Amino acid sequence: MPDMPSLSAALQPQPEPCWRDTPVHRLMLTALLNELDATLLSTASATRTLEDWSMRHHLAPTPIVRAICQQTLPRPCPAALRDALRLPAEATPDTMRYRHVRLMCGNLTLSDAENWYLPSRLTAEMNRELDTTETPFGRVTAPLAFTRRLVQAERVWSPLPLGWELTPLPTGSGQPLAFPPVLFRHHAVLSRQDGTPISAVIESYTAGAFFFPPPAMPDVPQTSAP
């Protein structure tokens, strides 16, 4: 049996993950970014997807995603999303509620989400939970088995330049890689099983989802000249 680490060693602070400005790390990040983006686009619940991702990449000791409400003034729902919600002609400003949250795992922000939802199309218990708790919208409304329709996807940042596959990869500085505030963004509408829209969301995904150590590179075997 291998030796167990000593208690003092276990309590030593761990180094922060460090992605660097190198071709290999940029290629790795491109693959990971594409994987997370594609998974989010193919599933109904962003909350569940982010929790699965957090668990697989050990982002926190307890990989539970919670919604931290932001005290921001409500802003109008964008026209494309408002149309997708199929609001009745007699709709008033009170017809729709605005919820702005940060989805966090541990102390990491994974996404910043704006949500315009229609309380009349939810249950009273769901509305109470949305008003009084930090439970993510997707978990609160999960009993509706809602579906998700993408309205717009934006790739805000790419680790590699456009056309990288046709030219030599940049050497890079080798320094820690600086991430922008937002990596990609999804605009979507959530609907009940009968097709009735219940919510429009704009989700801005951050570098918090990639706060884990890059994989170690394998040693390249040395070959002797004949």
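Modeller: A residue counts as buried under 20% relative accessible area, as exposed over 50%, and as partly exposed in between. This is a predicted model.

Colleague: Why is Arg128 called partly exposed?

Modeller: Its relative accessibility is 41%. That value falls between the 20% and 50% cut-offs, so Arg128 counts as partly exposed.

Colleague: What about Glu125: what makes it partly exposed?

Modeller: Its relative accessible area is 44%.

Colleague: How far apart are Arg128 and Glu125 in helix 5?

Modeller: They are 3 residues apart, which means a separation of about one helical turn.

Colleague: What makes Arg97 and Asp131 a salt bridge, and what does the pair tie together?

Modeller: The distance is 3.1 Å, N to O, and the limit is 4 Å. Arg97 sits in strand 2, Asp131 in helix 5 (residues 124-132). The pair therefore ties together parts that are 34 residues apart in sequence. Arg97 itself is partly exposed, at 33% relative accessibility.

Colleague: Is Asp21 buried or exposed, and how do you know?

Modeller: Buried, because its relative accessible area is 17% and the cut-off is 20%. The side chain of Asp21 meets that of Arg26 in a salt bridge of 2.8 Å, N to O.

Colleague: How many salt bridges does the rule give?

Modeller: The count is 11.

Colleague: What makes a set of residues a nonpolar core, and which members of the largest core touch the most others?

Modeller: Its members are buried nonpolar residues joined through side-chain atoms within 4.5 Å. The largest core has 28 residues, and Trp19, Trp53, Leu110 and Phe210 touch the most other members. Elements that supply at least two residues each include helix 3 (46-56) and strand 3 (108-117). Helix 2 gives the most, with 6 residues. A second, separate core has 12 residues, including Leu87, Tyr98, Trp116 and Ala200.

Colleague: What does Trp53 touch?

Modeller: Leaving out residues up to four places away in sequence, Trp53 touches Leu32, Glu35, Leu36, Leu59, Ala209, Phe210 and Phe212. Trp53 is also one of the buried residues of helix 3, as are Leu50 and Glu51. Just after helix 3, His58 has a positive phi of about 55 degrees.

Colleague: Why should some coordinates not be read in detail?

Modeller: Because low pLDDT rules out a detailed reading. Over residues 1-15, pLDDT stays under 50 on a scale from 0 to 100. The model has 0 contacts beyond four places in sequence for residues 1-15. For the chain, mean pLDDT is 87, and 87% of residues reach 70 or more.

Key
Residues are numbered from 1 along each chain as its sequence is written. This is a predicted model: local features need pLDDT of at least 70, side-chain atom pairs count only at pLDDT 80 or more; totals for chains, interfaces and linings use all residues. Side-chain values use heavy atoms; hydrogens and water are left out. Buried means under 20% relative accessible area, exposed over 50%, partly exposed in between (1.4 Å probe, protein chains only). Helices (H or I, at least four residues) and strands (E, at least two) are DSSP runs, numbered from the N terminus. Contact means heavy atoms within 4.5 Å. pLDDT is the predictor's confidence in each residue, from 0 to 100.
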